[in-house]
Amino acid sequence: PEGDQGQPFFIWTNFWGPHTPCLLPKPYYSMYDPADIPEEPSFCETWANKPHVHELYERYWGLSSGGWEGWRQILARYWGYVTMIDDLVGRMLDELEALGLAENTLVIFTTDHGDQMGAHRLIEKGPFAYEETWRLPMIAAHPDVETPGSVCDDFVYLHDLFPTFQEVAGRAPHTEEDSASILDQILGKDGASGGGASRGRGSVYGAFASQIFPSPFRFVRTRTHTLVYNRVEIGELYDLVNDPHELHNLIDAPAAQGIKAELLDQMRAHMVRLDDPALRFFDGIRAVY
């Protein structure tokens, strides 16, 4: 977009939150009544047949001893934080309107990571690959979008934004092995799903190293399942269709061995394509995983 001097501009606005500790002003601090917040479906987590590090992480923070009543207090402040940021973003959008730039500006709202916020009795991000941490919101507004308010369920990465911004700026998108412009998805163009480097993804691949303490893992997420690999703990396999809250680890379930083998193949393909140094360890223990 072009600013008031006729020059293109790019603004990257970074909010620290929503993030604990939720130190925020009135009215946001007390905007939501904790009593109105329903219990998170996975708060019943027992960590049975799960990596022990999940329980250790919860013990490190020690936030579940008060049960869901204690978590409601945290969530009420967190929701207030979200609303405060929504209002601040609204002020920015109002300014674009006032400057006559709203119809010539691409706006993207997203985040770097999610937050468990009581799901699985955990907080923030950490040594786990649950949906609450890794499946991120991304909202895009473009004056040329074909169907405003539409939803695209293609797999995309945050690092797809760099080539997207280049394409919007009229430059040839610079793509790495695992990134591509998602401008077609943002515009809602017919046939966007299934074509191009980013649109053809059948799965996404994630890597984690350390948060509070080291606990490296890799995971692959398809439309229906998530498989988590690490070198020192039990692996994880979740059926996201029948177990959307990821409570039941199927890694050793006899009926799930076929899908596990398929996901291990997909994970290895990601490792080879990205020259992941974890590949040699993965190959060394895959046969007994």
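Trainee: How many disulfides does a search of the whole structure find?

Mentor: The search of the whole structure finds zero disulfides. Please keep in mind throughout that this is a predicted model. Cys 152, at 38% relative accessibility, counts as partly exposed.

Trainee: How is a pair of aromatic rings described?

Mentor: Such a pair is described by the distance of the ring centres and the angle of the planes. In this structure the search finds 14 aromatic pairs. One of them is formed by Phe 43 and Trp 68, which are edge-to-face, at 5.1 Å centre to centre and with 65 degrees between the planes. This pair links distant parts of the chain, since Phe 43 belongs to the segment before α1 (52–61) and Trp 68 to helix α2 (residues 67–98), 25 residues apart. Phe 43 and Trp 68 are both buried.

Trainee: Why is the pair of Trp 134 and Phe 219 edge-to-face?

Mentor: The planes of Trp 134 and Phe 219 stand at 70 degrees, with the ring centres 4.7 Å apart, so the pair is classed as edge-to-face; the cut-off for that class is an angle over 60 degrees. Here too distant parts of the chain are linked: Trp 134 lies in helix α3 (residues 131–134) and Phe 219 in strand β4 (residues 213–221), 85 residues apart. The two residues can be read separately for accessibility. Trp 134 is partly exposed, at a relative accessible area of 31%, whereas Phe 219 is buried, at 6%.

Trainee: Which residues do ring pairs link into a cluster?

Mentor: The cluster consists of Tyr 57, Phe 128, Tyr 130, Phe 213 and Tyr 238, linked by ring pairs.

Trainee: Which ring lies under the charged end of Arg 231?

Mentor: The charged end of Arg 231 sits over the ring of Phe 281, 3.6 Å from its centre. A further case is Arg 223, which lies over the face of Phe 155 at 4.2 Å from the ring centre.

Trainee: In which sense do strands β3 and β4 pair, parallel or antiparallel?

Mentor: Strand β3 (residues 204–211) pairs with β4 in the antiparallel sense, over seven bridges. Within this pairing, Tyr 205 stands opposite Val 220 in β4. The hairpin of β3 and β4 has one residue between the strands, and Ile 212 takes a positive phi near 75 degrees there.

Trainee: How are the side chains of a regular strand arranged?

Mentor: In a regular strand they alternate between the two faces of the sheet. Strand β6 (residues 236–239) has both faces covered: Glu 236 and Tyr 238 lie on one side, Leu 237 and Asp 239 on the other, and all are buried. Strand β5 (residues 225–229) pairs with β6 in the antiparallel sense over four bridges, and His 225 stands opposite Asp 239 in β6. The hairpin formed by β5 and β6 has six residues between the strands.

Trainee: What do most peptide bonds and phi angles look like?

Mentor: Most peptide bonds are trans, and most residues other than glycine have a negative phi. In this model a cis peptide bond joins Gly 17 and Pro 18, with omega about 0 degrees, and another cis bond joins Thr 20 and Pro 21, with omega about -5 degrees. Pro 21 counts as exposed, at 53% relative accessibility. Its C-alpha atom is separated by 9.0 Å from that of Arg 77, 56 residues apart along the chain.

Trainee: Where is Glu 246 placed, and is Glu 246 buried or exposed?

Mentor: Glu 246 is in the loop between β6 and α7 (257–274) and is buried, with a relative accessible area of 1%. Glu 246 has a positive phi of about 55 degrees although it is not a glycine. Asp 275, also not a glycine, has a positive phi of about 55 degrees. Asp 275 lies in the loop between α7 and α8 (279–285) and counts as exposed, at 66% relative accessibility.

Terms used:
Residues numbered from 1 in each chain as written. Predicted model: local features only at pLDDT ≥ 70, side-chain atom pairs only at ≥ 80, totals over all residues. Heavy atoms only, no water. Disulfide = S-S within 2.5 Å. Buried < 20%, exposed > 50% of the residue type's maximum accessible area, 1.4 Å probe, protein only. Phe/Tyr/Trp six-rings, centres within 6.5 Å; stacked < 30°, edge-to-face > 60°. Helix = DSSP H or I, 4+ residues; strand = E, 2+ residues; numbered from the N terminus. Lys NZ or Arg CZ within 6 Å of the ring centre and 35° of its normal. Pairing = 2+ DSSP bridges.
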